[in-house]
Amino acid sequence: MASVNFEKFKANQIKAVMRHCDKEQRKQSSHSNKQINKQVTDTNLQYDRSYEETCKRYDERIAYLDSFENANKRKDRVTCLGITVPTPKGLDATREIEWFNAVNKIVKKQFGANNVLQCYIHRDEVHQYRNAETGQLETSRVHAHFFVVPERNNKLVGKHVCNRENFI
């Protein structure tokens, strides 16, 4: 069974993570992740905006939320969630886009479309690995990284958004 991974990011982390995920930025730089196959990076996809546009959308969304009275402006606040979703095992490659579009609809419904900054689909990190539980050699799967501002009622609320009810 595939698992969805959630990660919390603070303001000083998120743009570097999005740069790492962005297709054009990824082609231009070297990465410590040796599993990235740059010969396949051109097959990666992302939804409707460049790295610069995604950063601008993030900045504008945070500025908007900061404009409210009693806004959480702590330096250590969570300003973005990273949600990594792999394709189901055995999914035919011709259905990947359909799968990720369905997941995108769920993410937008759960967190609000205006809070979804970007979705990056990575095909260049598919590699062999040894399953720690079984010891068997397995192949990783195509996966998507969704970046979401954790907002509820016009407030950044990472700890409330990252709770059990949102993960079921």
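A salt bridge is defined here as a side-chain nitrogen of Lys or Arg within 4 Å of a carboxyl oxygen of Asp or Glu. In the predicted model, the side chains of D66 and R77 meet this criterion, with an N to O distance of 2.7 Å. D66 belongs to helix α3 and R77 to the loop between α3 and β3, so the pair ties together parts that are 11 residues apart in sequence. Both D66 and R77 are buried.

In total, 12 salt bridges are counted. One of them joins K15 to D59, whose closest N and O atoms are 2.9 Å apart; this pair links distant parts of the chain, helix α1 (residues 11–21) and helix α3, across 44 residues. K15 is partly exposed, at a relative accessible area of 28%, as is D59, at 36%. R61 pairs with E151 at 3.4 Å between the closest N and O atoms. Because R61 lies in helix α3 and E151 in strand β8 (residues 151–152), this bridge ties together parts that are 90 residues apart in sequence. R61 counts as buried at 10% relative accessibility, and E151 is buried at 17%.

Helix α3 (residues 51–66) also contains T54, which is buried with a relative accessible area of 0%. Among the contacts of T54 are M18, L117 and Y120.

Y120 in turn stands opposite H145 in strand β7, and T84 is likewise a bridge partner of H145. Strand β7 pairs in the antiparallel sense with β4 (residues 116–122) over six bridges, and six bridges join it to the antiparallel strand β3 (residues 78–86). Six of the six residues of β7 (residues 143–148) are buried, so the strand is largely enclosed by the rest of the structure. H143, H145 and F147 cover one side, and A144, F146 and V148 lie on the other.

Notes:
Residues numbered from 1 in each chain as written. Predicted model: local features only at pLDDT ≥ 70, side-chain atom pairs only at ≥ 80, totals over all residues. Heavy atoms only, no water. Buried < 20%, exposed > 50% of the residue type's maximum accessible area, 1.4 Å probe, protein only. Helix = DSSP H or I, 4+ residues; strand = E, 2+ residues; numbered from the N terminus. Pairing = 2+ DSSP bridges. Contact = heavy atoms within 4.5 Å. Lists of a residue's contacts leave out its neighbours within four places in sequence.
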